Amino acid sequence: MDGLDERKIKILDAIIRTYLETGEPVGSRTISKYTDLNLSSATIRNEMSDLEELGYIVQPHTSAGRIPSDKGYRFYVDHLLEMKDKEISDMKEFVIEHTEKMERVLKQAAKMLAQNTNYATMVSSPKYNGNKVKFIQLSELDDSQLLAVIVMEANVVKNKIIPLSGRLDSETLLKLNLLLNSTLNGLSIPQINLGTISKMKEQAGSYSDIVGVVLDAVAETISQEEMEIYTSGATNIFKYPELSDSRKASELIYTLEEKQQLKTLVSDSLSNENETGIQVYIGNESPIQTMKDCSVVTATYELSEGVKGTVGIIGPKRMDYERVMDSLKELKTQLDGIFSKPST
């Protein structure tokens, strides 16, 4: 790698990351504080001199710190993209395995809950609240298309094809990748305000349209996170005379099978979550019209920080509340943390 050993790579990485953050030339003393090398400033200065001779950094003014050269940026981005390619590949495999396992577990949870309580049940898949941008990678597919890979927290990955009016040279692609990642990394949609967008488009110059498409794809990635809802035990409602009226029963069963209205219940439950994670809706307190003759008890489970879903039991107002709450608490405990996120 053109004279770069592991120590030089770490120092170069620290210089570039610090410069991207501050925009100021970086000195050896700064690097000694922010790296885990435990090297003296003198040793770091020697390594920085070597990096300068190799053309990876330059000294803009006498006695000033160093800034990355184009060659340094190129190494940083190529090295970064190589690592991110592997991370994205590993993440996609995890997401596929995680999703299949999640579906099996939640379906079984709804079924077991219905059998244990003799009521109708529902379990929603977890959603990440306040999702943030983790990484964006632009790469050239051909002369007329770019591929944007957008990675959000909670392992949400979105691919977007961006049409081009002409081919992008490698340096332009490099600068766009640096601009997108240095500006958007760690931001949620509400934090990407008009000021941020205008500044990015101004910096992108004639390529501002590409930035706009990427921003649209980020918003689309979050909005398209689908919530799956698994139900079981709908026919249990016929066991209770007050719910077995043909019209009431058919409307309630339709709600459980169609599931769209259940998303309202999940959203309400998550937004009104209390310390116990248990919500009780009695009759008219339910946000769903067809459940006005029922009681609905929900519990919020959390797989990891911010990743939450809802478990619910629907039955008559005279349901066994103590048993229902105990069942929900037990299932909530089993679901909490059952799936681990991949290390980052």
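In the predicted model, helix α1 (residues 6-22) and helix α3 (residues 41-53) approach each other, with axes that come within 10 Å and cross at roughly 85 degrees. Because crossing angles of 65 to 115 degrees count as roughly perpendicular, α1 and α3 are assigned to that class. On the α1 side, the contact is formed by R7, K8, I11, L12 and I15; α3 contributes T43, I44, E47, M48, D50 and L51. Classified by residue type, this contact between α1 and α3 comprises six nonpolar, four charged and one polar residue.

Strand β5 spans residues 133-142 and strand β6 spans residues 145-152. The two strands run antiparallel and are joined by eight bridges. Together, β5 and β6 form a hairpin, with two residues lying between them. Within this pairing, D142 stands opposite Q145 of β6. In a regular strand, side chains alternate between the two faces of the sheet.

Across the protein, ten helices and eleven strands are present. The protein has 344 residues, of which 45% count as buried. Among contacts with a separation of 6 or more, 63% are accounted for by residues 24 or more positions apart.

Methods:
Residues are numbered from 1 along each chain as its sequence is written. This is a predicted model: local features need pLDDT of at least 70, side-chain atom pairs count only at pLDDT 80 or more; totals for chains, interfaces and linings use all residues. Side-chain values use heavy atoms; hydrogens and water are left out. Two strands pair if DSSP finds at least two bridges between them. Helices (H or I, at least four residues) and strands (E, at least two) are DSSP runs, numbered from the N terminus. Buried means under 20% relative accessible area, exposed over 50%, partly exposed in between (1.4 Å probe, protein chains only). Contact means heavy atoms within 4.5 Å. Axes are lines fitted to C-alpha atoms, for helices over the stretch in contact, and angles run from 0 to 180 degrees between N-to-C directions. Angles under 35 degrees count as roughly parallel, over 145 as roughly antiparallel, 65 to 115 as roughly perpendicular and the rest as oblique. Ala, Val, Leu, Ile, Met, Phe, Trp, Tyr, Cys and Pro count as nonpolar, Asp, Glu, Lys and Arg as charged, and the others, Gly among them, as polar.
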